[in-house]
Amino acid sequence: MTGMITAVVGGRVVPVEAEPIDGGTVLLDAGKIVAIEGPGYQVPDGAEVIDAAGKWVLPGFIDAHAHVGVHEEAEGWAGQDTNEMTKPVTAFVRALDAINPADEGFRDAIGGGVLAVNVNPGSGNPIGGQTVAIKCWGRTVDEMVLREPAGLKSALGENPKRVYGEKKETPSTRLGTAAVIREAFVQATNYQAKLAAAEDAEDGKPVDRDLNLEALSRVLRREIPWRQHCHRADDIATAIRISQEFGYRLVIDHGTEAHLLADLIAELSIPVIIGPLLTSRSKVELRNRSLANPGKLAAAGVTIAITTDHPVVPIHFLIHQATLAVKEGLDPETALRALTINPARILGVDDRIGSLAPGRDASLVIWSGDPLDVMSRAERAFLDGREIYTFDHDRGEGTVRDPYAAG
């Protein structure tokens with residue numbers, strides 16, 4: 001161990017991938033978790049001790065599908081950088097390049113126990129761009145990155161049909177949207193073949209770079225997953241069909257009617273990032289939206305994560321969506337996994353966050369009680385071992401440490 005050791009002691013420690021420990025200790029050093037111990041553990045001399053008696057200690061929550069930082073709070077048009085809807089295929093754009101770490105949404109996230117988020121481009125295009133998994137605190141997005149890119153966003157259904165139908169351009173139908181996606185993957189397949197042929201050629205003439213096709217090639221090589229926006233069961237079936245044609249890793253985003261195909265989705269081991277759940281049925285695709293759907297999917301063996309789709313639902317309400325899903329049948333343990341280890345695995349960052357274990361990043365939150373109790377609140381949050389949030393009961397409000405401040 002090196003530097004200042006921090007010991008969070010006496011709380012109900014919920015590692016997620018191991019049994020909870022009442023009266024446990026979580027030891028932090030150099031930005032990592034170095035030990036998790038049971039009652040009676042002797043804290044090392046000189047350690048900073050944080051008393052968590054009567055409280056719950058959990059890994060920071062993760063929202064695997066949100067637009068925080070690219071669709072800024074209280075900024076209106078000026079802070080809206082979610083959709084590059086100037087042409088149907090924009091695989092080359094990166095959410096990374098539009099994230100403002102000063103967005104108020106990040107402070108909301110931290111106050112709600114959400115310490116990591118996957119920021120997605122929007123869903124107006126059939127192929128919308130590259131996602132990025134980031135921490136929710138930092139001066140620049142570059143120092144916040146957990147994985148980049150973490151996926152490639154695509155949309156089926158109403159959104160691209162409406163956007164390009166209004167322009168009277170392709171695609172204006174579901175069949176047109178599917179065709180645009182297929183055509184893009186065929187072009188990427190041809191591009192990879194040209195690259196391979198150029199490597200084997202004696203003259204060594206290079207192939208002109210194409211950023212769209214480079215991004216799509218990463219999906220075809222299964223380096224990153226295909227993040228498929230789809231609500232209706234027929235669109236989900238199309239998503240599965242195209243993924244099987246081209247052999248890439250599919251993640252279903254939203255999945256409003258995924259429960260209607262739950263057995264098929266489970267059989268194919270396709271994860272579903274379900275939500276937002278606290279919305280009206282604002283369009284026909286949401287006709288079957290229900291807080292009972294996460295429980296139905298999980299009961300069928302589908303791996304689920306829960307999303308707010310912030311700002312559709314404010315990101316600090318992530319835990320409340322899980323709570324209400326539990327009320328409608330979702331197993332409580334599964335609900336917590338849907339906010340922690342499941343999204344971490346979907347994003348490919350489970351070696352760093354999503355659970356409490358030695359070697360993981362020191363990303364954790366001390367809650368006043370069971371986070372699934374609507375009266376509980378996040379009281380202290382630690383990211384890379386540094387305390388970044390404290391709730392002051394006297395003032396009745398929390399404070400997020402300013403990442404731009406010295407030290």
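The largest pocket is lined by 27 residues, and S123, N159, K283, D309 and V312 lie nearest its centre. A pocket here is an open set of points on a 1 Å grid over the protein atoms alone, where a 1.4 Å probe fits, with protein on both sides within 12 Å along at least five of seven lines; lining residues have an atom within 4 Å of a point. The model is predicted: local features need pLDDT of at least 70, side-chain atom pairs count only at pLDDT 80 or more, and totals for chains, interfaces and linings use all residues. Residues are numbered from 1 along each chain as its sequence is written, and side-chain values use heavy atoms, with hydrogens and water left out.

The space in the largest pocket is about 450 Å³, a volume being the space filled by probe spheres set on the points. Helix 3 gives the largest share of the lining, four residues. Helices (H or I, at least four residues) and strands (E, at least two) are DSSP runs, numbered from the N terminus. The lining comprises six nonpolar, 16 polar and five charged residues; Ala, Val, Leu, Ile, Met, Phe, Trp, Tyr, Cys and Pro count as nonpolar, Asp, Glu, Lys and Arg as charged, and the others, Gly among them, as polar.

In strand 14 (residues 364–367), L364 and I366 point one way and V365 and W367 the other, and all are buried, that is, under 20% relative accessible area with a 1.4 Å probe, protein chains only.

Key: Buried means under 20% relative accessible area, exposed over 50%, partly exposed in between (1.4 Å probe, protein chains only).
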